[in-house]
Amino acid sequence: ETMPEEAFKKAGGKWDQAAPIANPAELADYDAIIFGTGTRFGNMTSQMRSFLDQTGGLWVKGALVGKVGSVFVSTGTGGGNETTVSSFHTTLLHHGLVIVGLPYAIPETTDVSEAKGGSPLG
């Protein structure tokens, strides 16, 4: 997290949770990669953009070509979800990943009986 610790805690962030740190080089080891990011004004977080910007070496080697890729997002306001996923797809396509979404054929995507997220984009 790039936010100062005190500000992060004040915003309700979990500073001390046990979670492994992802390494961009590891992506080549996977058959499928599902990315998750918060939404900031219709874009992925700066931390995720920085992570993806470190994958240039994988791109040069074509290390991710043909792998399955997908994206899910979360935001406190509900706004910007689809634009975030759509802009994320650009990076996945540059790497040659095969994008898998969530089709409207799944009944939950068209159920409007309650507020929830999800779209064909992710």
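1. Strand β4 covers residues 98-99, and isoleucine 99 sits in it. Bear in mind that this is a predicted model. Isoleucine 99 comes out at 27% relative accessibility, so it counts as partly exposed; the buried class would need a value under 20%. Setting aside residues up to four places away in sequence, isoleucine 99 touches Gly69, His89, Leu92 and Leu93. Serine 113 is another matter: isoleucine 99 is 14 residues from serine 113 in sequence, and the two C-alpha atoms are 28 Å apart in space.

2. Now the overall layout. The protein has four helices and four strands, and from the N terminus on they run α-β-β-α-α-β-α-β. Its C-alpha atoms fill a box of roughly 45 × 45 × 25 Å along the principal axes. Of the 122 residues, 26% count as buried. Take the contacts between residues at least 6 apart in sequence: 69% of them join residues at least 24 apart.

3. Which side of α2 faces inward? Helix α2 spans residues 46-53, and its buried residues are Met48, Phe51 and Leu52. These cover an arc of only 95° around the axis, which puts them on the same side of the helix. The face turned away from the buried side carries the exposed residues Ser46 and Asp53. As for partners, the buried residues of α2 pack against β1 (32-40), β2 (43-44) and α4 (81-95).

4. Two of those α2 residues turn up again in the core. The largest nonpolar core has 15 residues, and Leu27, Phe35, Met48, Leu52 and Phe88 are the ones with the most contacts inside it. At least two residues of this core come from each of β1, α2, β3 (68-74) and α4. In soluble globular proteins, nonpolar side chains tend to be buried together.

5. How many aromatic pairs does a search of the whole structure find? One. The ring centres of phenylalanine 35 and phenylalanine 88 are 5.2 Å apart and the planes are at 45°, so the pair is tilted. Because phenylalanine 35 lies in strand β1 and phenylalanine 88 in helix α4, the pair ties together parts that are 53 residues apart in sequence. Both phenylalanine 35 and phenylalanine 88 are buried. Leaving out neighbours within four places in sequence, phenylalanine 88 is in contact with Phe35, Thr37, Met44, Met48, Leu52 and Val71.

6. Histidine 95 is in helix α4 and, at 8% relative accessibility, counts as buried. Apart from neighbours within four places in sequence, histidine 95 is in contact with Thr55, Leu58, Trp59, Leu64 and Val65.

7. Please check the backbone at phenylalanine 41. Phenylalanine 41 has a positive phi of about 55° although it is not a glycine, whereas most residues other than glycine have a negative phi. Phenylalanine 41 is in the loop between β1 and β2. Is its side chain buried or exposed? With a relative accessible area of 86%, phenylalanine 41 is exposed.

8. Glutamine 54 is found between α2 and α3 (56-61). At 52% relative accessibility, glutamine 54 counts as exposed, the cut-off being over 50%. Glutamine 54 and alanine 25 are 29 residues apart in sequence, and their C-alpha atoms are 8.5 Å apart in space.

Methods:
Residues numbered from 1 in each chain as written. Predicted model: local features only at pLDDT ≥ 70, side-chain atom pairs only at ≥ 80, totals over all residues. Heavy atoms only, no water. Buried < 20%, exposed > 50% of the residue type's maximum accessible area, 1.4 Å probe, protein only. Arc of directions from axis to C-beta. Contact = heavy atoms within 4.5 Å. Core = buried A, V, L, I, M, F, W, Y, C linked by side-chain atoms within 4.5 Å. Phe/Tyr/Trp six-rings, centres within 6.5 Å; stacked < 30°, edge-to-face > 60°.
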